[in-house]
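Please read each point alongside the coordinates.

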Amino acid sequence: MTSPSSNQRSDKFASHLEGYAAQTKGKTGLKRIINAAGYSKDGLVAAYQNEAAFRQVAWLNSILLVALIFLPFMMPIKMILVFSSFFSLIVELFNTGIEASIDHTSTERHPLAKIGKDVGSAAQLLALTMLFLLWMMALYTTFINFY
């Protein structure tokens, strides 16, 4: 007995959905990719408009990426710094999503809600610490250790 293909499974799943979910989940191929790109854009816009921390991280990384163009780092170092910049933005998006989900559930104080929000914040702290340390190592190896 063979298992149903992924398309059959997604169609079966979509047939049980109602309303907006039914309209979006059943899409396949190019239409799904176009929809996903639109949702991603919407997410970036929402994070930028509604979350000061995301705006701060976005501007910080924009400045760092522009500086990266002009600094004489070796290509592997530039690649690592670009990765760490995007990583910090990705972590902030997850943190924003976690906070929005918790706030949607309830804005009352609850120990589990605090843990969820604090863990997201801790993840961002680690991502920004990694970004800082990698930049310091890149500057040190390029300018101080060079001479």
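**Notes on helix packing**

1. On the α4 side, Val 57, Leu 60, Asn 61, Leu 64, Ala 67 and Leu 68 take part, and they meet Gln 124, Leu 128, Leu 131 and Trp 135 of α6. Sorted by class, this contact comprises eight nonpolar and two polar residues, with no charged residues. The model is a predicted one, and the points below should be read accordingly.

2. The geometry of that pair is as follows. Helix α4 covers residues 52-70 and packs against α6 at an angle of about 20°, the two axes being 13 Å apart. At that angle, α4 is roughly parallel to α6. The crossing of α4 and α6 is left-handed.

3. As to the overall content, the protein has six helices and zero strands. Read from the N terminus, the order of elements is α-α-α-α-α-α. Of the 147 residues in the protein, 21% are buried. When contacts between residues at least 6 apart in sequence are considered, 63% of them join residues at least 24 apart.

4. Helix α5 (residues 75-105) and helix α6 (residues 111-144) have axes that come within 9 Å and cross at roughly 170°. Angles over 145 degrees count as roughly antiparallel, and α5 and α6 are therefore roughly antiparallel to each other. The passage of α5 across α6 is a left-handed crossing. The residues of this contact divide into 16 nonpolar, ten polar and four charged.

5. Helix α5 itself contains 31 residues, and the distance from its first C-alpha to its last is 45 Å, close to the expected 45 Å. Which residues of α5 are buried? They are Lys 78, Leu 81, Ser 84, Ser 85, Ser 88, Leu 89, Val 91, Glu 92, Asn 95, Thr 96, Glu 99 and Ile 102. The cover over these buried residues of α5 includes α4 and α6.

6. Phe 86 also lies in helix α5. Is this residue buried, partly exposed or exposed? Buried means under 20% relative accessible area and exposed means over 50%; Phe 86, with a relative accessible area of 47%, is therefore partly exposed. The C-alpha atoms of Phe 86 and Val 57 are separated by 9.9 Å, while the two residues are 29 residues apart along the chain. Val 57 is one of the α4 residues that meet α6.

7. Helix α6 has 34 residues and reaches 47 Å from its first C-alpha to its last, close to the expected 50 Å. Its buried residues are Ala 113, Gly 120, Gln 124, Ala 127, Leu 131, Trp 135, Ala 138 and Thr 142. What covers the buried residues of α6 includes α4 and α5.

Key:
Residues numbered from 1 in each chain as written. Predicted model: local features only at pLDDT ≥ 70, side-chain atom pairs only at ≥ 80, totals over all residues. Heavy atoms only, no water. Axes fitted to C-alpha atoms, helices over the stretch in contact; angles between N-to-C directions. Helix = DSSP H or I, 4+ residues; strand = E, 2+ residues; numbered from the N terminus. Parallel < 35°, antiparallel > 145°, perpendicular 65-115°, else oblique. Left-handed = near helix turned anticlockwise from the far one by under 90°. Nonpolar A, V, L, I, M, F, W, Y, C, P; charged D, E, K, R; others polar. Contact = heavy atoms within 4.5 Å. Expected span 1.5 Å × (residues − 1). Buried < 20%, exposed > 50% of the residue type's maximum accessible area, 1.4 Å probe, protein only.
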